[in-house]
Amino acid sequence: MKIIRHFRHLVLSVFLAVAVWVPANSSVFAQAPLNETADPDMQLASLARLIREKRMNDFFSLLTTLANLDHKIKNYDTKSIEKLGQNLTNLFSENESVHYVDKVVDETHGYSLRKVVYMAYTSTDRWIYFTFVLKRGARAWQFTRFSYSIDTIKLFPDKK
């Protein structure tokens, strides 16, 4: 019994020595938590407003924060993220206006998965769909997937 107590004390001492030796910001023991939002509807409304106002730099900045695009634990390809930012920034032409932004899909699957799609219609006769996938995290919601697609008006969409 006495040996077990000494062994526990030794293990605790080694753990404490290692914990003191390893810097507090080391990835071994401390990792910044992922961003989660308790009110995803407010964040989604903010993203829709930024689309309506064509403030795509601000949209990308907010999306980067919400979706943890720059978080080390996600390990996303930096060049791909930069390319997404460039594409979003150049999505609308200077003379193009956004007539409206409408939430066209809001699906909840179970307690922990949600898909939201906004459709924007522009003065250049384009519909642009913005899709967000949210998953419940440890404390609140995480934005885990984003995509957008452009659907132009075609009189005969099946013809090439």
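**View 1. Lysine 54 sits in the loop between α2 and α3.** Helices here are DSSP runs of H or I with at least four residues, strands are E runs of at least two, and both are numbered from the N terminus. Lysine 54 isn't a glycine, yet its phi is positive, near 60°. Its relative accessible area of 27% makes lysine 54 partly exposed; the cut-offs are under 20% for buried, over 50% for exposed and partly exposed in between, with a 1.4 Å probe and protein chains only. A word on the model: it is predicted, so local features need pLDDT of at least 70 and side-chain atom pairs count only at pLDDT 80 or more, while totals for chains, interfaces and linings use all residues. Residues are numbered from 1 along each chain as its sequence is written, and side-chain values use heavy atoms, leaving out hydrogens and water.

**View 2. Helix α3 spans residues 56-66 and has Met56, Phe59, Phe60, Leu63, Thr64 and Leu66 as its buried residues.** These residues lie on the same side of α3, because they cover an arc of only 165° around the axis. That arc is taken from the directions that run from the helix axis to the C-beta atoms. An α-helix has 3.6 residues a turn, so residues three or four places apart point the same way. After α3 comes asparagine 68, with a positive phi near 55°.

View 3. With a relative accessible area of 13%, histidine 71 is buried. Its side chain reaches the backbone oxygen of alanine 32 at 2.7 Å. Skip the residues up to four places away in sequence, and histidine 71 touches Gln31, Ala32, Pro33 and Leu34, where contact means heavy atoms within 4.5 Å.

**View 4. Phe59, Phe130 and Phe132 have the most contacts inside the largest nonpolar core, which has 28 residues.** A core like this is a set of buried Ala, Val, Leu, Ile, Met, Phe, Trp, Tyr and Cys residues joined through side-chain atoms within 4.5 Å. At least two core residues come from each of α2 (40-52), α3, α4 (78-89), β1 (98-109), β2 (113-122), β3 (126-136) and β4 (141-152). Leaving aside neighbours within four places in sequence, the contacts of phenylalanine 130 include Ile51, Met56, Phe59, Leu91 and Phe146.

**View 5. Phenylalanine 59 and phenylalanine 132 make one of the aromatic pairs, a tilted one at 6.4 Å centre to centre with 55° between the planes.** Rings of Phe, Tyr and Trp (its six-membered ring) pair if their centres lie within 6.5 Å; planes under 30 degrees apart are stacked, over 60 edge-to-face, and the rest tilted. Phenylalanine 59 is in helix α3 and phenylalanine 132 in strand β3, so this pair ties together parts 73 residues apart in sequence. Both phenylalanines are buried. Ring pairs also link Phe59 and Phe132 into a cluster with Tyr118, Phe130, Phe143, Phe146 and Tyr148.

**View 6. Tyrosine 100 and tyrosine 121 are stacked, because their ring centres are 5.8 Å apart and their planes at 25°.** Tyrosine 100 belongs to strand β1 and tyrosine 121 to strand β2, 21 residues apart. Tyrosine 100 is partly exposed at 34% relative accessible area, whereas tyrosine 121 counts as buried at 16%.

**View 7. Aspartate 125 lies in the loop between β2 and β3.** Aspartate 125 isn't a glycine either, but has a positive phi of about 55°. Its relative accessible area is 39%, so aspartate 125 is partly exposed.

Definitions and conventions
A polar contact is a pair of N or O atoms within 3.5 Å; within protein, one must be able to donate a hydrogen and the other to accept it, and residues adjacent in sequence count only if both atoms are side-chain atoms.
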